[in-house]
Amino acid sequence: MIALFFRLVTGSRWARQAALWAATAGAILLFLTNLRGAGERTGRLAERVETMERTNAIQRRMLEAAVDRPRDRADLAQRLRDGRF
């Protein structure tokens, strides 16, 4: 089967041209398919980075709030008396 195809392609100029165009179209199709997949992967990675940035910002705000918290009941009572809480 392959030998018959090879003889057909090498035997006629028209067949060689058709095979060349088919190979070129196939290569372009594969390239575009790969490009689309790469774009989808890039989009997923960008979304993951954005989610991580939001999570890190929330954690940073939580840590900053924890630094300013009252240490014990006496500190809480003093803050309530001073009106700083």
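Glu50 and Arg54 sit four residues apart in helix H2, about one turn of the helix, and they form a salt bridge whose closest N and O atoms are 3.2 Å apart. A salt bridge here is a side-chain nitrogen of Lys or Arg within 4 Å of a carboxyl oxygen of Asp or Glu. Helices (H or I, at least four residues) and strands (E, at least two) are DSSP runs, numbered from the N terminus. Keep in mind that this is a predicted model: local features need pLDDT of at least 70, side-chain atom pairs count only at pLDDT 80 or more, and totals for chains, interfaces and linings use all residues. Residues are numbered from 1 along each chain as its sequence is written, and side-chain values use heavy atoms, with hydrogens and water left out.

The structure holds three salt bridges. Here they are side by side:

| Pair | N to O | Location |
|---|---|---|
| Glu50 and Arg54 | 3.2 Å | helix H2 |
| Glu40 and Arg36 | 3.4 Å | helix H2 |
| Arg79 and Asp68 | 3.7 Å | helix H3 and the loop between H2 and H3 |

Like the pair we began with, Glu40 and Arg36 are four residues apart, about one turn of the helix. The bridge between Arg79 and Asp68 links distant parts of the chain, eleven residues apart, with Arg79 in helix H3 (residues 73-82).

How covered are the partners? Buried means under 20% relative accessible area, exposed over 50%, and partly exposed in between (1.4 Å probe, protein chains only). Glu50 is partly exposed at 44%, and so is Arg54 at 47%. Glu40 is partly exposed at 40%, while Arg36 is exposed at 61%. In the remaining pair, Arg79 is buried, with a relative accessible area of 11%, whereas Asp68 is exposed at 51%.

Now for the nonpolar side of things. Ile28, Phe31, Leu32 and Leu35 form a surface patch with about 410 Å² of accessible area together. Patches are made of residues with over 30% relative accessible area and no salt bridge; like charges are joined within 9 Å, nonpolar side chains (Val, Leu, Ile, Met, Phe, Trp, Tyr) within 5 Å. Phe31 lies in helix H2 (residues 13-67) and counts as exposed because its relative accessible area is 52%.

As for the whole chain, there are three helices and zero strands, running α-α-α from the N terminus on. Of its 85 residues, 5% count as buried. The accessible surface comes to about 8100 Å², with 64% of that belonging to carbon and sulfur atoms. Accessible areas come from the Shrake-Rupley method with a 1.4 Å probe; for residues, only the protein chains shown count as cover.
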